Amino acid sequence: MKNNQIFNFAKKIIHFPRSLTGEGVRNTLKEVRNILPNLKIKSFKSGEKVFDWKIPLEWEVKDAFIINPEGKKICDYKDNKLHLVGYSIPVKKILSKKKLLKKLYSLPHLKNAIPYVTSYYKRDWGFCISHKHKKKLKYGNYKVFINSRFKKGFLNYGELLIKGKSNKEIILSTYICHPEMANNETSGISVLTYLAKWIKSKKRNFSYRIIFVPETVGSIAYIKKNFIKLKKDVIAGLIITCVGDNKKFSYIP
């Protein structure tokens, strides 16, 4: 396997509008299935109870941006999905700079970075901006526009069982809900996809269960659905995450 296969796959999926739910997640899983044809794309319905959590509504974004006092579009969702706080409600209003700043998120210690902010379980809205650009905002009125909607749908995940001589399983999983970010989590999706392909090509003692799932509520839902089997068969598991940078890899037990 060549590293450029993984890199090219990462380039293909990095801009998909991923979140807990929605087309971005489904399209990502379909791309994974192009490499792993036996991957099963499964789902939980919106509103379904999983322990003391509940599967959220699907979130869909058509467009989102801010128009500054000079009439220029900033924080454009179409330029970078990170600009919009995840699960933002629909908004159409005019705000002063002072009021707008309360809805803008930035990282003072990383002046060129756009932060990743979500509001999955609280109806709210906001935009993310680099601290460098935030400091340059001028006084005046700003037009805020978010064309989003919530609907009953599904939380999707992908599952692949690679059988070995033993029914005892090793789980390898990664998160599929983060948009636009290379290290967290385009790298995990890409590496696990090709790691699974490599495992399939080898003789195996243990079976391997490969999981692509939205974090927290997705993982909790998966455990709820498969608790008895997990407890019976799983002997080890690893979450493949943040494996795209040039630093030493770490292992957190």
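Mentor: We will go through a helix, the salt bridges, the surface patches and one tryptophan. Keep in mind that this is a predicted model.

Trainee: Helix first. Which residues of α1 are buried?

Mentor: Helix α1 covers residues 3–13, and its buried residues are Ile6, Phe9, Ala10 and Ile13. They line one face of the helix, because they fall within an arc of 100° when seen down the axis of α1.

Trainee: Why would spacing like that put residues on one face?

Mentor: An α-helix has 3.6 residues a turn, so residues three or four places apart point the same way.

Trainee: And what is exposed on the other side of α1?

Mentor: Phe7 and Lys11 are exposed there.

Trainee: Salt bridges next. How many does the structure hold?

Mentor: The structure holds 15 salt bridges. One of them joins the side chains of Glu58 and Arg26, at 3.0 Å from N to O. Glu58 is in strand β4 (residues 58–67) and Arg26 is in helix α2 (residues 23–35), so this pair ties together parts that are 32 residues apart in sequence.

Trainee: Are Glu58 and Arg26 buried or exposed?

Mentor: Both Glu58 and Arg26 are buried.

Trainee: What does Glu60 pair with?

Mentor: Glu60 forms a salt bridge with Lys151, and their closest N and O atoms are 3.7 Å apart. Glu60 is in strand β4 and Lys151 in strand β9 (residues 141–151), so to speak of sequence, the pair links distant parts of the chain, 91 residues apart.

Trainee: Which residue forms a salt bridge with Glu169?

Mentor: That is Arg209, with the closest N and O atoms 2.7 Å apart. The pair ties together parts that are 40 residues apart in sequence, because Glu169 lies in strand β11 (residues 169–175) and Arg209 in strand β12 (residues 207–213). Glu169 and Arg209 are both buried.

Trainee: Which residues are in the network with that pair?

Mentor: Salt bridges with shared partners join Glu169 and Arg209 into one network with Lys42, Glu159, Lys229, Lys232 and Asp233.

Trainee: Now the surface. Where is positive charge gathered?

Mentor: A surface patch of positive charge is made by Lys93, Lys98, Lys99 and Lys102. Lys93 is in strand β6 (residues 91–96). With 38% relative accessibility, Lys93 counts as partly exposed.

Trainee: Which residues make the nonpolar patch?

Mentor: Phe51, Ile223, Phe227 and Ile228 make a nonpolar surface patch of about 420 Å².

Trainee: Where does Phe51 lie?

Mentor: Phe51 lies in the loop between β2 (49–50) and β3 (53–54). Its relative accessibility is 45%, so Phe51 counts as partly exposed.

Trainee: Last one, Trp125. Is it buried or exposed?

Mentor: Trp125 is buried, at 7% relative accessible area. The cut-off for buried is under 20%. Trp125 sits in the loop between β7 (104–105) and β8 (127–128).

Trainee: How far apart are Trp125 and Tyr87?

Mentor: Their C-alpha atoms are 7.5 Å apart in space, while Trp125 and Tyr87 are 38 residues apart in sequence.

Methods. Residues are numbered from 1 along each chain as its sequence is written. This is a predicted model: local features need pLDDT of at least 70, side-chain atom pairs count only at pLDDT 80 or more; totals for chains, interfaces and linings use all residues. Side-chain values use heavy atoms; hydrogens and water are left out. Patches are made of residues with over 30% relative accessible area and no salt bridge: like charges are joined within 9 Å, nonpolar side chains (Val, Leu, Ile, Met, Phe, Trp, Tyr) within 5 Å. Accessible areas come from the Shrake-Rupley method with a 1.4 Å probe; for residues, only the protein chains shown count as cover. A salt bridge is a side-chain nitrogen of Lys or Arg within 4 Å of a carboxyl oxygen of Asp or Glu. Lys and Arg count as positive and Asp and Glu as negative; His and the chain ends are not counted. The place of a charge is taken as NZ of Lys, CZ of Arg, CG of Asp or CD of Glu. Helices (H or I, at least four residues) and strands (E, at least two) are DSSP runs, numbered from the N terminus. Buried means under 20% relative accessible area, exposed over 50%, partly exposed in between (1.4 Å probe, protein chains only). The arc is that of the directions from the helix axis to the C-beta atoms.
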